[in-house]
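Subject: Structure handover

Hi there,

Here is the structure I promised to pass on to you. Please have it open in your viewer while you read, as the notes refer to it throughout.

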Amino acid sequence: MFNFSFMDSLFQWFDPNLLQIFGLQAWQFLFALVFLLVAACMWVFRPFLEWAMAKNWSTLLSYLGSLLLAVVFLQFIDRYAMVNQQSVLPDYFWSISLLAISSYGAGIVLFRSFRKVTQKLFKRNKRKVA
């Protein structure tokens, strides 16, 4: 089995007294960590998928691959926290984690859509000028 002793130090980051110094709540910190986890997984997955298939599908598949990896990692955290039959994780762990994952996906869709619309508008304006 795996040794998850590094998780004990990670759980100490969610100490309310420590987070209060920075003006944060635990759910805000959890959201940021999971959001960055998905971003990092996508950054790692993308090069492997780009050589495997056409450029049009690489963003979708890299997001789905990083989503799968992030959910598996969050499951490891959840299982480690439930070793003693009582979880040390807060009640909102999964809801905030899934909100961060879906927010990252929505952000990608909005960014790509905005970029395509602006490219089409600039292309249309160039034709009218010429």
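Below is what I found, going from the whole chain to single residues.

Please keep in mind that this is a predicted model, and that the values below are computed from it.

**The chain as a whole**

There are five helices in the chain and zero strands, so the pattern along the sequence is α-α-α-α-α. Of its 130 residues, 25% count as buried. The chain exposes about 9,800 Å², and carbon and sulfur atoms supply 68% of that area. If we take the contacts between residues at least 6 apart in sequence, 60% of them join residues at least 24 apart.

**The nonpolar core**

In soluble globular proteins, nonpolar side chains tend to be buried together. Here, the largest nonpolar core has 16 residues. The residues with the most contacts inside this core are Val-34, Val-38, Tyr-63, Leu-74, Phe-93, Ile-101 and Tyr-104. Three helices, H3 (26-52), H4 (55-81) and H5 (93-129), each supply at least two residues of the core. The largest share comes from H5, with six residues.

Apart from its neighbours within four places in sequence, Val-34 is in contact with Leu-74, Ser-97, Ala-100 and Ile-101.

Ser-97, in helix H5, is one to click on next. Is Ser-97 buried or exposed? Ser-97 is buried, because its relative accessible area is 0%, and the cut-off for buried is under 20%. Leaving aside its neighbours within four places in sequence, Ser-97 is in contact with Leu-30, Val-34 and Leu-74.

**Aromatic residues**

The count of aromatic pairs comes to four. One of them joins Phe-31 and Phe-35: the ring centres are 6.0 Å apart and the planes are at 25°, so this pair is stacked. Both residues lie in helix H3, four residues apart, which is about one turn of the helix. Phe-31 counts as partly exposed at 24% relative accessibility, and Phe-35 is also partly exposed, with a relative accessible area of 29%.

Phe-93 and Trp-94 form an aromatic pair too, but this pair is edge-to-face, with 5.4 Å from centre to centre and 80° between the planes. Phe-93 counts as buried at 4% relative accessibility, whereas Trp-94 is partly exposed, with a relative accessible area of 24%.

There is also one aromatic cluster formed by Phe-31, Phe-35, Tyr-63 and Tyr-104. Tyr-63 and Tyr-104 are also among the residues with the most contacts inside the largest nonpolar core.

Rolling a probe the size of a water molecule over the atoms shows where empty space is left. The second largest pocket holds about 270 Å³ of space. Which residues are the closest to the centre of this pocket? Of the 16 residues that line the pocket, these are Leu-10, Phe-14, Leu-30, Leu-33 and Ile-77. Helix H1 (6-11), H3 and H4 each supply at least two residues of the lining. H3 gives the most to the lining of this pocket, with four residues. Leu-30, listed here by the pocket centre, is also one of the contacts of Ser-97.

**Two partly exposed residues**

Ala-32 has its place in helix H3 and counts as partly exposed, because its relative accessibility is 35%. Ala-32 and Ser-97 are 65 residues apart in sequence, yet their C-alpha atoms are 9.1 Å apart in space.

Leu-61, in helix H4, counts as partly exposed as well, at 32% relative accessibility. From Leu-61 to Arg-46 there are 15 residues in sequence and 8.2 Å in space, C-alpha to C-alpha.

Happy browsing, and best wishes

Terms used:
Residues are numbered from 1 along each chain as its sequence is written. This is a predicted model: local features need pLDDT of at least 70, side-chain atom pairs count only at pLDDT 80 or more; totals for chains, interfaces and linings use all residues. Side-chain values use heavy atoms; hydrogens and water are left out. A nonpolar core is a set of buried Ala, Val, Leu, Ile, Met, Phe, Trp, Tyr and Cys residues joined through side-chain atoms within 4.5 Å. Buried means under 20% relative accessible area, exposed over 50%, partly exposed in between (1.4 Å probe, protein chains only). Contact means heavy atoms within 4.5 Å. Accessible areas come from the Shrake-Rupley method with a 1.4 Å probe; for residues, only the protein chains shown count as cover. Rings of Phe, Tyr and Trp (its six-membered ring) pair if their centres lie within 6.5 Å; planes under 30 degrees apart count as stacked, over 60 as edge-to-face and the rest as tilted. On a 1 Å grid over the protein atoms alone, a cavity is a set of points where a 1.4 Å probe fits but cannot get out, and a pocket is an open set with protein on both sides within 12 Å along at least five of seven lines; lining residues have an atom within 4 Å of a point. Grid points are joined across faces, edges and corners, and a volume is the space filled by probe spheres set on the points.
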